[in-house]
Amino acid sequence: MKYKVLWAITLNTFRETLRDKLLYSLVGFAVLVIAASLLAGSVSLGQDARVIQDFSLTAMLVFLLIITYFIGTQLVFKEVERKTIYLVLSKPVSRETFYLGKFFGLCLTILVAGLIMAAMFLIVLYAKTHSVPVAAYFAVGAIILEAWLLTAVSLLFSSFTSPLSSAIYTFGVTLIGHGSATVWLLSQKASPVMRGILEGVYYLFPNLEKFNLRNDVVFNLSPDGTQVGLILLYFVGYTAFLLILGVAVFRKDEF
Amino acid sequence: MSSKKTPSFFTLSGAEGSQPMTYQRFTLLAVFVFLGLSFVAQINYDSWRRYTPPKLIGIDYNVYIEPQPLSPSLAKAVSFGSTEFLADYYWLTLIQYYGGGTPNGKYRKLAELFNVVTDLSPRFVQAYQTGLIILPGEGFPDEAIALGEKGKKSLPDSWEMPYYTGLVYHIYKKDFVSAAKEFQIAATKKDAPPITQYFAGIYYKEADQRQLAYQIFKTVHETTKDDFVRERSGKQLLHLEMTFFLEDAVAKYRQQFGRYPASPQDLVTKKIIKEVPVSPLGVGFAIDTQTGAVSEAKR
């Protein structure tokens with residue numbers, strides 16, 4: 001794999017997503033919602049900091065995931081539909097490079113969008129409370145990691161289905177991933193066969209609750225080294241698994 | 001002249017100089033008219049919903065204006081991890097609900113809302129505090145005590161939880177022993193105000209647990225760094241010592257005369273004691289002629 005080619009595709013994907021009007025409206029709306037958390041905070045009986053943190057971090061996650069769903073699922077599909085993929089693949093560009101370039105490009109977009117939203121969040125929080133808990137930075141980082149992982153999921157789905165269905169599937173994976181605690185609870189109460197199936201679901205689907213550090217921000221509870229290490233390990237492991245699987249499917253695709 | 005032939009617009013009055021009603025203008029007008037109509041309808045609907053008595057038989061009117069929180073376990077399941085966010089949502093709902101007033105009597109959903117907020121966010125100190133303060137007054141003393149118990153479990157280091165629970169026991173249940181126990185728990189926590197243990201003593205005294213109250217006041221008096229609390233507990237100690245002194249005298253009186261004295265003055269006239277002690281709390285003493293119990297005289 002040539003890293004120069006990979007970087008070129010990454011950068012091009014980034015530029016392509018920046019031209020998408022959807023991205024601007026989503027980032028704009030997220031910033032608006034974060035600013036609006038000031039209003040919600042003002043009617044919360046002195047719980048401004050709490051409301052701003054919870055509302056803003058949830059808004060960040062939701063809007064980054066919408067970007068993932070609707071831009072991530074379109075990337076490969078658009079290239080195939082416009083037949084521009086032939087132009088690229090006829091050059092000395094392997095399919096792996098193409099696929100990974102798309103992934104890293106969208107990750108870059110999500111990073112930039114996430115940083116814009118985070119900046120707004122931190123400004124609002126600092127303006128209101130004159131302090132920013134360290135835990136907030138960890139929570140923001142974890143949200144971006146989660147969006148990156150789901151980007152790999154959406155790319156995997158979009159390599160074999162239409163954009164709409166892969167957006168729906170990715171959304172489903174998100175719900176299962178955040179409901180993992182419930183899945184585990186159900187599995188412990190179920191019959192042996194059902195228990196096996198549910199435990200399989202628990203380990204197979206991404207456990208997105210690992211990336212949920214949002215609930216601790218209000219109490220300024222920063223994760224310790226082990227937790228951060230395990231989160232990163234999980235992210236790298238699961239994302240690599242998804243990318244390898246995605247590349248394998250993409251190699252077999254016929255356009 | 002050619003304009004007369006084209007039917008693409010019409011005039012409302014037909015008068016000379018009046019603006020022709022083009023399709024665009026009509027659309028614009030229609031947009032505002034219908035927007036205004038929906039606005040009027042919305043305002044009227046809201047006031048109907050809030051202030052008109054129910055007409056439907058068998059349907060509870062309050063259902064329309066009351067928040068309908070999910071059960072805590074369901075709320076946790078559908079929050080998909082954003083439990084603090086959902087807790088905030090219910091917190092804001094609760095404030096709107098309580099602040100909006102209830103035209104039909106009781107805030108029936110209040111306890112349920114506090115429960116769901118604190119289940120979603122078990123460390124939300126202000127939610128417990130607010131609940132413990134407003135719930136009993138709205139007719140939910142038992143729910144308030146349950147909330148306090150939950151708060152004590154979730155926030156074991158907080159002195160506020162047992163403190164406020166103790167107040168509920170005192171004010172709404174008149175259960176002074178339970179109140180005293182809560183205040184004793186509160187006094188063991190870090191950052192508890194110095195007066196907390198003093199209150200525990202007061203409650204034991206109210207519940208006629210005088211020996212216990214005496215011990216607590218003694219500890220408070222010897223250990224507190226707060227001048228006000230030391231002074232008050234010293235006075236309470238003196239008052240209790242006087243009470244014990246009078247009780248002994250009453251017992252002697254009964255041994256001698258076979259009955260209880262009618263008043264502390266009786267003890268002086270019968271030469272059991274030299275004089276009636278004057279309580280530093282500024283209250284007199286009374287003696288029950290049936291049981292011989294010494295109590296504070298009603299002012």
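**A pair of helices in chain B**

Guide: H4(B) and H6(B) are oblique to each other, a word used because angles under 35 degrees count as roughly parallel, over 145 as roughly antiparallel, 65 to 115 as roughly perpendicular and the rest as oblique. The model is predicted: local features need pLDDT of at least 70, side-chain atom pairs count only at pLDDT 80 or more, and totals for chains, interfaces and linings use all residues. Residues are numbered from 1 along each chain as its sequence is written, while chains are lettered from A and ligands numbered from 1 in the order in which they are written.

Helix H4 of chain B covers residues 72-79 and helix H6 of chain B residues 110-120; helices (H or I, at least four residues) and strands (E, at least two) are DSSP runs, numbered from the N terminus. Their axes come within 9 Å and cross at roughly 45°. Such axes are lines fitted to C-alpha atoms, for helices over the stretch in contact, with angles from 0 to 180 degrees between N-to-C directions. The crossing of H4(B) and H6(B) is right-handed, that is, the near helix is turned clockwise from the far one by less than a right angle.

On H4(B), the contact is made by Pro72(B), Ala75(B), Lys76(B) and Ser79(B). H6(B) brings Asn115(B), Val116(B), Asp119(B) and Leu120(B). Contact means C-beta atoms, placed from the backbone, within 7 Å. By class, the contact of H4(B) with H6(B) has 4 nonpolar, 2 polar and 2 charged residues. Here Ala, Val, Leu, Ile, Met, Phe, Trp, Tyr, Cys and Pro count as nonpolar, Asp, Glu, Lys and Arg as charged, and the others, Gly among them, as polar.

Chain B also meets chain A: 20 residues of chain A are in contact with 14 residues of chain B. On the chain A side, the largest share, 5 residues, comes from H3(A).

Terms used: Two residues are in contact if their C-beta atoms, placed from the backbone, lie within 7 Å.
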